[in-house]
Each structure stands twice: as structure tokens, then as C-alpha cells.
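Hi,

Here is the structure I said I would pass on.

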Amino acid sequence: MPTTSARLLALLSLLQARRDWPGALLAARLEVSPRTVRRDVDRLRELGYPIRATKGPDGGYQLDAGADLPPLLFDDEQAVAVAVALQIAASSGVGVEEAAARALSTIRQVMPARLRHRIDALQVTAVERGGNRLNPRVDPAVLVTLGAAVHAREELSFDYAVSSRSESAAASPPRRAQPHHLVTWAGRWYLVAWDLDREDWRTFRADRISPRTPTGPRFTPRQLPGTDVAAFVAQRFEGSFGPERQPCHGEMIIHLPAAFVSRYAQDGIVEELGPDRCRLVLGSWSWPSLAATVGRFDADIEVLGPPELADAFAALARRYARAAASGCN
């Protein structure tokens, strides 16, 4: 029979895995008597775990939410997933970097060595795009309020700043909307909602929202245009990032570190291939413009496609060769 401490950990793991556990089933899974299960449940309660018992022929146990956060039990994969998520939180733009770092340090201290090595070997670095252009920070309390309204399907009333530099949005009437999704796009947070006053779909930047309380009545969700929220948001921003303004998109390998290319790639997608190589997907208004833009990096370039981009590089090479020859005369 396992030791009491090992049995308590096994019991806690089972209680966290599903909402309700019949007492007889718990006893069978732990290979102990129902009386031992009752004693172990009492021990977990003494440690701060809020476990509720249900009576009756099929009575059992349920792990409830309590006033304080008790110690949690993760399996190996859950622990690694939490640690990676905490590293990514540093680039979420929500202002939780310090709290995430402290939480990661706490989890790392109690990890077994085999998991600690996996986490230390996987370091996530946030690389700012567009010449170190910083996205505005969002108050975590605002995101919690927006997310709760989306989940509860409750109408929102909020002040909305005209720009991120506005000191106050109180000068304009409050907006009224039915929130449907809270999304991120290009490092920024947006609320997708039905605007009740304008009777149309809108995307609101979360960093400009100041929610008013209380929330409004519940509503029946409308059908979002498009196949899903991702397609809807992409279509909304198509004028800034899509083919209408950037009809020519090319893919290439640049022999430079990804961190360096990301600083000047604007809205391009940069993928690290090695310490001094990265894949870049970038758009522009014409193929020669795209080729000339990439030429700024002053590094070896491998064109992956399409052929129009390779032709543009060849045309620029001939043009530059003629310019160089004319300068020698």
C-alpha cells in the first residue's frame, strides 16, 4: 500500500481531474477502504483544500473553489505548459510581466530536476516588430471585465478614447455594445462586439476602453459575419495589412539573425531558422518595391517564391549594374 503522503497526492490528483467523484469509485481507484478515503479527505481539508461531501447512496466528493488558493498538483506536461505560458505572458501586453516572473520562479523551485532542465532549455524571448515599436499596454482588470461580459453575454457600457494618447474619453457619450469575442491581433487586444447605437459590428481596442459598471442585461448572441472570428478580424484589418494595400507577398531566407530582421520587418512574419538565418514573409505594393525593401538588410538572400519576386531581384540587379557602370565613366 502506498504511503499516506503518496496516497494524498493521488487523491488530490483524482479530485482535480473531474468535478464529482463517488466515494466508492475513489476507494476502488486508490485501492483503499471508503473509511480511509474519508480520513484522507479530512487531511486535505486541514491543508486548505475545500472538498465538499455529498450524501446519499451515490455520495461522493467534489473539489470546490475556496477563499484562498491552496497548493496545486500538476503532472509533468501540465507543469511544462504552465511554465511556457508564463514566459509568453511577458509579450502579451497586459502588464503582468512581474507577476508572471514571480509565478514562474515559484513553480520552478518546486519542479523536479528533470522538468527544471526542460524549462531552462526553452527560453522564450519577445522580439518587438517594426523598429522597436511598442504596443500599448492593457490594464489586466479591463481584460477581466471584458472577458467576463463576453462569457456572461451581458451588454457593456464603456468610455472609448479617440486615440491611445487621449487623457480621457469622458467627453464623448459612452458606447453601448454586445461583446462577442476578446481577441489579439499583431500584439494588440481587441473587443469584437455589436455596436447597439450604430447597429453594426465593431472592433474596439482594449487599451482605449474604460468599462462602466454595472454591466447591462443579457442578450442572445448574433451570428458573426464570416466563417469564424479569426476570418472576421482578418477581413476588418485587410485595409491595413491585406492584399488591397500589399498585393505582392514574397517569401525568402535572409542570412541574418531573426531578432535583427524582426526590428525592421514592419508587418512581416519572421521565423528563426538558425543563429544567422531566418525566413521572412513580407508584402509590398509592387514586386520591385518588395525586392528593394529586402535589399536594405545588406545580406545574402534566397528567394523561396513566387517567381515574380526572383524576377524583380534580377531586374534590380541589372539596373544597379548599369548604374554602377555609368558611375565608373
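Confidence first, since this is a predicted model. Strand S4 (residues 156-160) comes out highest, with a mean pLDDT of 93, while helix H9 (residues 238-241) is lowest, at a mean of 48. Residues 127-133 also have pLDDT below 50, although the model gives this stretch 18 contacts beyond near neighbours in sequence. Another stretch to watch is residues 164-169, where pLDDT stays under 50 and the model has seven contacts beyond four places in sequence. Where pLDDT is low, the coordinates should not be read in detail. Averaged over the protein, pLDDT is 77, and 76% of the residues score at least 70.

On the overall make-up: the protein has 12 helices and 12 strands. Of its 329 residues, 33% are buried. If you take the contacts with a separation of 6 or more, 57% of them are between residues 24 or more positions apart.

**Around S9**

Five of its seven residues are buried, so S9 is largely enclosed by the rest of the structure. What does S9 pair with? One partner is strand S11 (residues 277-284), which runs antiparallel to S9 and is joined to it by seven bridges. In that pairing, Ile-253 sits opposite Arg-279 of S11. Strand S12 (residues 301-305) is also antiparallel to S9, with four bridges between them. There, Glu-251 stands opposite Gly-305 in S12.

Leu-280 is a handy place to start if you want to click through the neighbourhood. Beyond four places in sequence, its contacts include Gly-250, Met-252 and Ile-254, and also Val-261, Ile-269 and Phe-297.

Helix H11 (residues 287-295) has four names to note as buried: Ser-289, Leu-290, Ala-291 and Val-294. For reference, an α-helix has 3.6 residues a turn, so residues three or four places apart point the same way. At the start of H11, a side-chain oxygen of Ser-286 comes to within 3.2 Å of the backbone nitrogen of Ser-289.

**Aromatic pairs**

How many aromatic pairs are there? The count comes to four. Phe-158 and Phe-204 make one that is edge-to-face, with 5.1 Å centre to centre and 80° between the planes. This pair links distant parts of the chain: Phe-158 belongs to strand S4 and Phe-204 to strand S7 (residues 200-205), 46 residues apart.

Beyond the pairs themselves, ring pairs link Phe-158, Tyr-160 and Phe-204 into a cluster.

**The S6-S7 hairpin**

Strand S6 (residues 188-195) pairs with S7 in the antiparallel sense, over six bridges. Phe-204 turns up again here, as the bridge partner in S7 of Leu-191. S6 and S7 form a hairpin with four residues between them, and Glu-199 in the turn has a positive phi of about 50°.

Gln-62 lies in strand S3 (residues 60-63). At 2% relative accessibility, Gln-62 counts as buried. What does its side chain touch? The side chain of Gln-62 makes a polar contact with that of Arg-52, at 2.6 Å.

That's it from me for now.

Cheers

Terms used:
Residues numbered from 1 in each chain as written. Heavy atoms only, no water. pLDDT = per-residue confidence, 0-100. Helix = DSSP H or I, 4+ residues; strand = E, 2+ residues; numbered from the N terminus. Contact = heavy atoms within 4.5 Å. Buried < 20%, exposed > 50% of the residue type's maximum accessible area, 1.4 Å probe, protein only. Pairing = 2+ DSSP bridges. Polar contact = N/O pair within 3.5 Å; in protein donor to acceptor, adjacent residues only side chain to side chain. Phe/Tyr/Trp six-rings, centres within 6.5 Å; stacked < 30°, edge-to-face > 60°.
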